[in-house]
Amino acid sequence: MSSDFGYINARVRGMKAKLLESEFYTQALGDSDFRAFVGTIAQTPYTNELEEAQSRDSGLTALDRAVAENFRRAARSILGFSDGRPHELIALLLIGYDLMNLKTLARAKHAGREGEGVSSALLPAGELKPALVETMAASADLPAMAQVLAVTGHPLSRAFGRAVRRYASSGRLFEFELTLDRAYFSTLLDAMEALDAPKELIRYVRRQIDAANLSTALKVRGKAATGEDLYLPGGREVDRSTFDAIVADSTQGALANLSGTGFADVANTSTLAEADRVIRRVLDQGAHRLSLRDPLGPGVVVDFLRRKEAESARLRLLARGKFYDVPREQLEKELGHA
């Protein structure tokens, strides 16, 4: 399959060259206010999406729309110049953004948030079109969202319905998200096997499962959780015994089980936020290595999507910093963690 990605990767490398560089962030940090920041954005490849968004909305809402649309166009354009098995494989990877958006919408309903609190985290680049995502966001509750999704035939629609029913009886958002994660990774691995995906890519997906399990264990450790139904199968490094040990022990000692894995640095963190940053960095580095090991393989696309996603997060963080007049020193620190 590697040779099938030759043309695709050449195009993606051209897209990678348009990612914002350090000079942009230096300029943005120095902007006096939100209006000046928007002016800086208008001088970048985001200008078309920004103009379109400003014709409909203003302020942070317009900025969020512009960022989301720019990401969507970049991601979906890769499908436009691919075909055959590479096309199917890329489409599978993009479903990950549907998973992200569905969980974001569910969290918003759970917390009673609307508007900016929702749009600031959405990246509609998968099968779910922006209009459908907006319809789901406007739904009265999770069951109504499930009805909207059910008619699409989306690969996660049945799992979403099951998750909603479990949530209705337990009220635990955590179990809701794990139901979606389990369905997503199971679907992804089965489809990749059917497509005879490169083994290195499958290993990367398994590392994503490890990351999900580690995040779960850290969130529930020391809270009398049994671990039952919380562990996602399919990982490589965070096995069930390691997962259970972290869940059962709220001290740093249990994290010694991560020694020898790619997540060993998590043992040196003291907060969930720090651990999340380390886990994210491990996945970013894994995607980068994947792109280097096989320049003609799918890793180039994976690496680009993660870099583009990180860029979107930084832009939204900067926008909020300028909008709410966050001191530059604090914004620089947060930007370094984004």
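This note covers helix packing, an aromatic pair, a pocket and a cavity.

1. Basis. The model is predicted: local features need pLDDT of at least 70, side-chain atom pairs count only at pLDDT 80 or more, and totals for chains, interfaces and linings use all residues. Residues are numbered from 1 along each chain as its sequence is written, and side-chain values use heavy atoms, with hydrogens and water left out.

2. Helices α12 and α14. Helix α12 spans residues 199–220 and helix α14 spans residues 272–293. Their axes lie 11 Å apart, at an angle of about 180°. α12 is therefore roughly antiparallel to α14 (angles over 145 degrees; under 35 is roughly parallel, 65 to 115 roughly perpendicular, the rest oblique). Axes are lines fitted to C-alpha atoms, for helices over the stretch in contact, with angles from 0 to 180 degrees between N-to-C directions. Helices are DSSP runs (H or I, at least four residues), numbered from the N terminus.

3. The α12 and α14 contact. Contact means heavy atoms within 4.5 Å. From α12, the contact residues include Tyr204, Arg207, Ala211 and Leu218. From α14, they include Asp276, Ile279, Leu283 and Arg293. By class, this contact has 12 nonpolar, 3 polar and 6 charged residues. Here Ala, Val, Leu, Ile, Met, Phe, Trp, Tyr, Cys and Pro count as nonpolar, Asp, Glu, Lys and Arg as charged, and the others, Gly among them, as polar.

4. Helices α6 and α9. The axes of α6 and helix α9 (residues 142–150) come within 10 Å and cross at roughly 155°. This makes α6 roughly antiparallel to α9. Leu102, Leu105, Ala106 and Lys109 of α6 meet Leu142, Met145 and Leu149 of α9. The contact has 6 nonpolar, no polar and 1 charged residues.

5. Aromatic pairs. The whole structure holds 9 aromatic pairs (rings of Phe, Tyr and Trp, its six-membered ring, with centres within 6.5 Å; planes under 30 degrees apart are stacked, over 60 edge-to-face, the rest tilted). One of them joins Tyr7 and Phe81. This pair is edge-to-face, 6.3 Å centre to centre, with 85° between the planes. Tyr7 lies in helix α1 (residues 6–16) and Phe81 in the loop between α5 and α6 (84–111), so the pair ties together parts 74 residues apart in sequence.

6. Second largest pocket. Its volume is about 510 Å³. Of its 22 lining residues, Arg65, Ala68, Ser119, Pro130 and Glu134 lie nearest the centre. α4 (47–54), α5 (59–80), α7 (116–119) and α8 (130–137) each give two or more residues to the lining. α5 gives the most, with 6 residues. The lining divides into 9 nonpolar, 3 polar and 10 charged residues. A pocket is an open set of points on a 1 Å grid over the protein atoms alone, with protein on both sides within 12 Å along at least five of seven lines; lining residues have an atom within 4 Å of a point.

7. Cavity. A search of the whole structure finds 1 cavity of 30 Å³ or more (a set of grid points where a 1.4 Å probe fits but cannot get out). The largest cavity has a volume of about 40 Å³. Volume is the space filled by probe spheres set on the points, which are joined across faces, edges and corners. Leu92, Ile95, Pro155, Leu156, Tyr184, Thr187 and Leu188 line the largest cavity. α11 (173–194) gives the most to this lining, with 3 residues. The lining has 6 nonpolar, 1 polar and no charged residues.
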